[in-house]
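The following exercises are to be worked with the sequence and the structure at hand.

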Amino acid sequence: MNSGGNNKITITSSTKNLSAVRNFVEHKAIELGFDSNIVNQIILSVDEACTNIIKYTHRFDENEKIEVKIDVRDREFRIILKYKGRDFDPNKMTEPDMNDYFNHFRVGGLGIPMMKKFMNKVEYNHKSPNQNSLTLVKII
């Protein structure tokens, strides 16, 4: 993990670094006065987003990196994840049919809907050839 000032960290793309991301985001959210329930929702959303990048975009390649930056402006707590890799916009995923999900005892696949429910905005930007940013926004 590399800390670039107190508003940004960079981790290698490994699930063993998720605790550093969770701690970094938790500390900032508490500083801003979010209650513990909201802090936990933010942490779960960021953890899920990073896990998806590590698992599906980087395919557990620890040579890849994820930059986690926090920006506070205009009453928005913004967690910006920057990483290289193929584009994937979570906003283009269809919402799962929860009746079908539970009727067939499905497992997994609820991370993106959870992020969308817990955060006020989920913004994705892809720049060619392979630069991505995923921004999770919580209104203060």
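**Exercise 1. The largest pocket**

Task: State how much space lies in the largest pocket, and describe the lining by element and by residue class.

Solution. The model is a predicted one.

Step 1. The space in the largest pocket comes to about 470 Å³.

Step 2. Its lining consists of 24 residues. Those nearest the centre of the pocket are Asn-52, Tyr-56, Phe-88, Met-93 and Ile-112.

Step 3. Two or more lining residues come from each of the elements α2 (36–57) and α4 (111–118). Helix α2 supplies the largest share, namely seven residues.

Step 4. Sorted by class, the lining holds 13 nonpolar, six polar and five charged residues.

**Exercise 2. Nonpolar residues at the surface and in the interior**

Task: Identify the residues of the nonpolar surface patch, and decide whether Ile-140 and Leu-136 are buried, partly exposed or exposed.

Solution. 

Step 1. The patch is formed by Leu-32, Val-72 and Ile-140, which together have about 200 Å² of accessible area.

Step 2. Ile-140 belongs to the segment that follows β6 (131–139). The cut-offs needed here are under 20% relative accessible area for buried and over 50% for exposed, with partly exposed in between. Ile-140 has a relative accessibility of 31% and is therefore partly exposed.

Step 3. Leu-136 lies within strand β6 itself. Its relative accessibility is 0%, so Leu-136 is classed as buried.

Step 4. Leu-136 can also be placed relative to Ala-49: the two are 87 residues apart in sequence, while their C-alpha atoms are 9.0 Å apart in space.

**Exercise 3. Salt bridges**

Task: Give the number of salt bridges. Then examine the pairs Arg-22 and Asp-47, Asp-71 and Arg-73, and Lys-121 and Glu-76, with the exposure of each partner.

Solution. 

Step 1. Side chains of opposite charge can pair when their charged atoms come close. With a cut-off of 4 Å between a side-chain nitrogen of Lys or Arg and a carboxyl oxygen of Asp or Glu, the count is eight salt bridges.

Step 2. Arg-22 is partly exposed at 33% relative accessibility, whereas Asp-47, at 18%, is buried.

Step 3. A salt bridge also joins the side chains of Asp-71 and Arg-73, with 2.7 Å from N to O. Asp-71 has a relative accessible area of 23% and is partly exposed. Arg-73, at 43%, is likewise partly exposed.

Step 4. In the pair formed by Lys-121 and Glu-76, the closest N and O atoms are 2.7 Å apart. Lys-121 is partly exposed, with a relative accessible area of 33%, while Glu-76 is buried, with 12%.

Step 5. Glu-76 and Lys-121 also belong to a network of salt bridges in which Arg-78 and Glu-123 are linked with them.

**Exercise 4. Backbone features in the loops**

Task: Locate the cis peptide bond between Ser-128 and Pro-129, and describe the setting of Phe-60 and Arg-75, two residues with positive phi.

Solution. 

Step 1. The peptide bond between Ser-128 and Pro-129 is cis, with omega about 0°. Pro-129 lies in the loop between β5 and β6.

Step 2. Phe-60 has a phi near 60°, which is positive in a residue other than glycine. Phe-60 is located in the loop between α2 and β3 (65–73). Its relative accessible area is 48%, so Phe-60 is partly exposed.

Step 3. Arg-75 is not a glycine, yet its phi is positive at about 60°. The residue is part of the loop between β3 and β4. With a relative accessibility of 57%, Arg-75 is counted as exposed.

Terms used:
Residues numbered from 1 in each chain as written. Predicted model: local features only at pLDDT ≥ 70, side-chain atom pairs only at ≥ 80, totals over all residues. Heavy atoms only, no water. 1 Å grid on protein atoms, 1.4 Å probe; cavity = no way out; pocket = protein on both sides within 12 Å on 5 of 7 lines; lining within 4 Å. Points joined across faces, edges and corners; volume = space filled by probe spheres on them. Helix = DSSP H or I, 4+ residues; strand = E, 2+ residues; numbered from the N terminus. Nonpolar A, V, L, I, M, F, W, Y, C, P; charged D, E, K, R; others polar. Patch = residues over 30% accessible without salt bridge, like charges linked within 9 Å, V, L, I, M, F, W, Y side chains within 5 Å. Areas by Shrake-Rupley, 256 points an atom, 1.4 Å probe, with all protein chains shown as cover. Buried < 20%, exposed > 50% of the residue type's maximum accessible area, 1.4 Å probe, protein only.
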